[in-house]
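Please look through the sequence and the structure below before reading on.

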Amino acid sequence: MKKWINGYWITFLLVIIVSAVGYIVLLSTTRTGLVDMCIEGALFLIASIIALRGFSKSKDTIEKNFRRFELLYGLTYLIAVISFIIGIYYYVNNPNIVEISISDVMGNNLLMVMSSIKSFTMVFLIFTWISFYKYLDIKGTSRKKIITFLGGFSLYLAFSIIIWGLTDDISVLSLGVVLGSIIGIFALIALDKRTRCLAIIFTVYSCIHLSEFYLMGIGKNLTTGLNNPVYWAVTLLYILEVKRWIDNELNKE
């Protein structure tokens, strides 16, 4: 128990340091969009390396659905990194751009490719967490599982609809459907008490995405506010919690 508590204190300390340093860098530059994208891209690259390293070290004794989860998780975030590289390339070649807006994306083919890749990874993430859910082999009736999934999905979609009404940005609905599906899967995953921390972190992570759509919709700058260090912190918590699951599974061998 003491080791578990110490491990989480170290994790929280690391998260605070990374977020604080990132925020200091963000405040010291006018290229806030570029800094934000570089930090987020670096975090996703770390997530990918952790998962793919775990997959490469996993032997046949590791449960097949968990190995599939490691592979899909690693590939999902590796593909996401490609979209960030495209975004970074755009920022470097357009020094006057502080933050990429929706109008910028719609008017530039390169940014359209970046956006399409990001959308693809969101769908890919559904299959990733389905594999994790299968690995857990959660017992229960089909009726209970369907109700649990629909509860998580409907709640997230409802908040998406509210934000759509407040911002008149219909694109938030596609986010609500895709991330809502993943939240529904996480509601199922949370039926296993061991995953409660992971489920809470991912739910907060997904809610931050919704809040950023709201801020964009009301014309706020996303690259200069406290939403950035909060997002980095939760993202890093999410990555480290997945790492803990991978390490625990490898240690069973």
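How many helices and how many strands does the chain have? In this predicted model, the chain has nine helices and zero strands, so that, read from the N terminus on, its elements run α-α-α-α-α-α-α-α-α.

**Overall dimensions**
- A compact globule of 253 residues would have a radius of gyration near 18 Å, and because the chain has 19 Å, its value agrees with that expectation.
- Along its principal axes, the C-alpha trace spans about 55 × 35 × 35 Å.
- Among contacts between residues at least 6 apart in sequence, 76% join residues that are at least 24 apart.

**The interior**
- Of the 253 residues, 47% count as buried.
- The largest nonpolar core has 71 residues, of which Phe 44, Tyr 73, Trp 129, Phe 132, Phe 202 and Tyr 238 touch the most other members.
- At least two residues of this core come from each of α1, α2, α3, α5, α6, α7, α8 and α9, and the largest share, 13 residues, is supplied by α9 (227-251).
- Leaving aside residues up to four places away in sequence, Tyr 73 touches Ala 47, Ala 51, Thr 128, Trp 129, Tyr 238, Ile 239 and Val 242.

Conventions
Residues are numbered from 1 along each chain as its sequence is written. This is a predicted model: local features need pLDDT of at least 70, side-chain atom pairs count only at pLDDT 80 or more; totals for chains, interfaces and linings use all residues. Side-chain values use heavy atoms; hydrogens and water are left out. Helices (H or I, at least four residues) and strands (E, at least two) are DSSP runs, numbered from the N terminus. The radius of gyration is taken over C-alpha atoms; the globule rule is 2.2 Å times the number of residues to the power 0.38. Buried means under 20% relative accessible area, exposed over 50%, partly exposed in between (1.4 Å probe, protein chains only). Contact means heavy atoms within 4.5 Å. A nonpolar core is a set of buried Ala, Val, Leu, Ile, Met, Phe, Trp, Tyr and Cys residues joined through side-chain atoms within 4.5 Å.
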